[in-house]
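Please consult the sequence and the structure shown here while reading.

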Amino acid sequence: MEEKSDASGHVPVLLPEVLELLQPGRGGIFVDATLGLGGHAEALLDSGAEVRLVGIDRDPDALALAGERLARFGSRVSLVAGRHEDLAEILDGLGVARVDGVLADLGVSSMQLDRAERGFSFMRPGPLDMRMSRAGRSASDLVRDEDRDELERIFWEYGEEPMAGKIARLIVEKRKGAPIDTTDGLRSLVHAAVPRRPGKIDPATRVFQALRIATNQELTGLTRFLDDAIERLSLGSRLTVLSYHSLEDRIVKRTFARHTAVCTCPPSFPACVCARKRVMALVTRQPIRPSDEEVSKNPRSRSARLRAIERTGEG
Ligand SMILES: C[S@@+](CC[C@H](N)C(=O)[O-])C[C@H]1O[C@@H](n2cnc3c(N)ncnc32)[C@H](O)[C@@H]1O
């Protein structure tokens, strides 16, 4: 299948692989828990007239754009503004007990990165905002209010930034003089703390990723979402997750491992007392990665990892 980009140049990542895993041609109710610009969702809906889609996104701009794109599918589509970790409540609100496939394409959309006023990209001068939902504390609020230790923790834990301490110290020193509330302002500050090296990624990359994760609390609800999505799968249906950094992928991998483990008794028990039977199976032992060809056409796909799990029994 040829991968089509939309007006914004957005290309859905690993699209043929996602469709192969979810098999929407069977029909049924599918959830796109991170609708974005609706690229994957549109392909799911195009796969068969019997496909219904519940599309969730916390970004009102994304929801509006996806709504226009998917308008031609009429009542087959239900769009919900919300967080994927509220999946159970969202499905209950729609009167949906079981679903026939779930997709989560985690992280930030190309629209969010490309719009300077959203403040996600250090390549585009704009306000240091980064709020997906456009509500709550912005990245510049965090940079203004958090103490040195917390900023260091954010850069270290969410960006795996080796110079986290130095960057946090410099922020605390510089913000006494003037607010650090623009993307270019923060980028210059990071460059002052960590020299750029030719051929290496821009040191601002890790700091911006870390701040984005902290601003949107991206990791806190992920396990809950995965557990609830698995719970709602009908027999033979799959949850597929695309993640873009090791922190997300680790959570997906561990959650899938927990659901596919047969016995949950502590290793110290001489015999199994939980008598759990296996009701979920891993579909992807190793994550699926984009081909070199896909990465060259769509560089944003380069860090993608796709994992899937299937319901094989009830219980
Ligand atoms: C990578 S984009 C999805 C792109 C989409 N698959 C497409 O083809 O257009 C990720 C989207 O997930 C949304 N998102 C991130 N975290 C979310 C959460 N916890 N709940 C709901 N939406 C979330 C973002 O706002 C963004 O629009």
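Two strands are taken to pair if DSSP finds at least two bridges between them. Helices (H or I, at least four residues) and strands (E, at least two) are DSSP runs, numbered from the N terminus. The model is predicted: local features need pLDDT of at least 70, side-chain atom pairs count only at pLDDT 80 or more, and totals for chains, interfaces and linings use all residues. Residues are numbered from 1 along each chain as its sequence is written.

**The sheet**

- An open sheet is formed by 7 strands in the order β3-β2-β1-β4-β5-β7-β6, with mixed pairing.
- The edges are held by β3 (77-81) and β6 (280-282); each has a single partner strand, so one side of each is left without a neighbour in the sheet.
- From one strand to the next, the twist averages 15°; axes are lines fitted to C-alpha atoms, for helices over the stretch in contact, and angles run from 0 to 180 degrees between N-to-C directions.
- Strands of a sheet pair through backbone hydrogen bonds, in either a parallel or an antiparallel sense.

**Strand β4 and its partners**

- Strand β1 (residues 28-32) runs parallel to β4 and is joined to it by 3 bridges; Asp-32 stands opposite Leu-103 in β4.
- Strand β4 (residues 101-105) also pairs with strand β5 (residues 238-243), in the parallel sense and over 4 bridges.
- In β5, Leu-239 is the bridge partner of Val-102, and Val-241 is that of Ala-104.
- A residue is buried if 20 or more other C-beta atoms lie within 10 Å of its own, exposed if 12 or fewer, and partly exposed in between, with C-beta atoms placed from the backbone.
- Because 5 of the 5 residues of β4 are buried, this strand is largely enclosed by the rest of the structure.
- Both faces of β4 are covered, with Gly-101, Leu-103 and Asp-105 buried on one side and Val-102 and Ala-104 buried on the other.

**Strand β7 and its partners**

- Strands β5 and β7 run antiparallel and are joined by 6 bridges; here Val-241 stands opposite Arg-307 in β7.
- Strands β6 and β7 also run antiparallel, joined by 3 bridges, and Met-280 stands opposite Arg-311 in β7.
- Strand β7 (residues 305-311) is mostly covered, 7 of its 7 residues being buried.
- Arg-305, Arg-307, Ile-309 and Arg-311 are buried on one side of β7, and Leu-306, Ala-308 and Glu-310 are buried on the other.

**The ligand shell**

- The shell around the ligand holds 21 residues, of which Thr-34, Gly-36, Gly-39, Asp-59 and Asp-105 come nearest; a residue is near a molecule or strand if its C-beta atom, placed from the backbone, lies within 6 Å of it.
- Two or more residues of this shell are given by each of the elements α2 (39-46) and β2 (51-57).
- By class, the shell comprises 5 nonpolar, 10 polar and 6 charged residues.
- In this classification Ala, Val, Leu, Ile, Met, Phe, Trp, Tyr, Cys and Pro count as nonpolar, Asp, Glu, Lys and Arg as charged, and the others, Gly among them, as polar.

**Domains**

- The chain is divided into domain 1 (15-107 + 219-311) and domain 2 (125-216), with bounds that come from an automatic or database domain assignment.
- The C-alpha centres of domain 1 and domain 2 lie 30 Å apart.
- Domain 1 gives 6 residues to the contact and domain 2 gives 6 residues; two residues are in contact if their C-beta atoms, placed from the backbone, lie within 7 Å.
- On the side of domain 1 that touches domain 2 there are 3 nonpolar, 1 polar and 2 charged residues.

**Individual residues**

- Most residues other than glycine have a negative phi.
- Met-130 is not a glycine, yet has a positive phi of about 70°; Met-130 lies in the loop between α5 (110-114) and α6 (139-145).
- Met-130 is buried because 24 other C-beta atoms lie within 10 Å.
- Gln-217, in the loop between α10 (204-216) and α11 (222-232), also has a positive phi, near 45°.
- Gln-217 has 13 other C-beta atoms within 10 Å and is therefore partly exposed.
- Leu-94 lies in helix α4 (residues 87-94) and, leaving aside neighbours within four places in sequence, is in contact with Val-54 and Ser-78.
- Asp-149, in helix α7 (residues 148-159), has 11 C-beta neighbours inside 10 Å and so counts as exposed.
- Asp-149 and Gly-165 are 16 residues apart in sequence and 7.9 Å apart in space, C-alpha to C-alpha.
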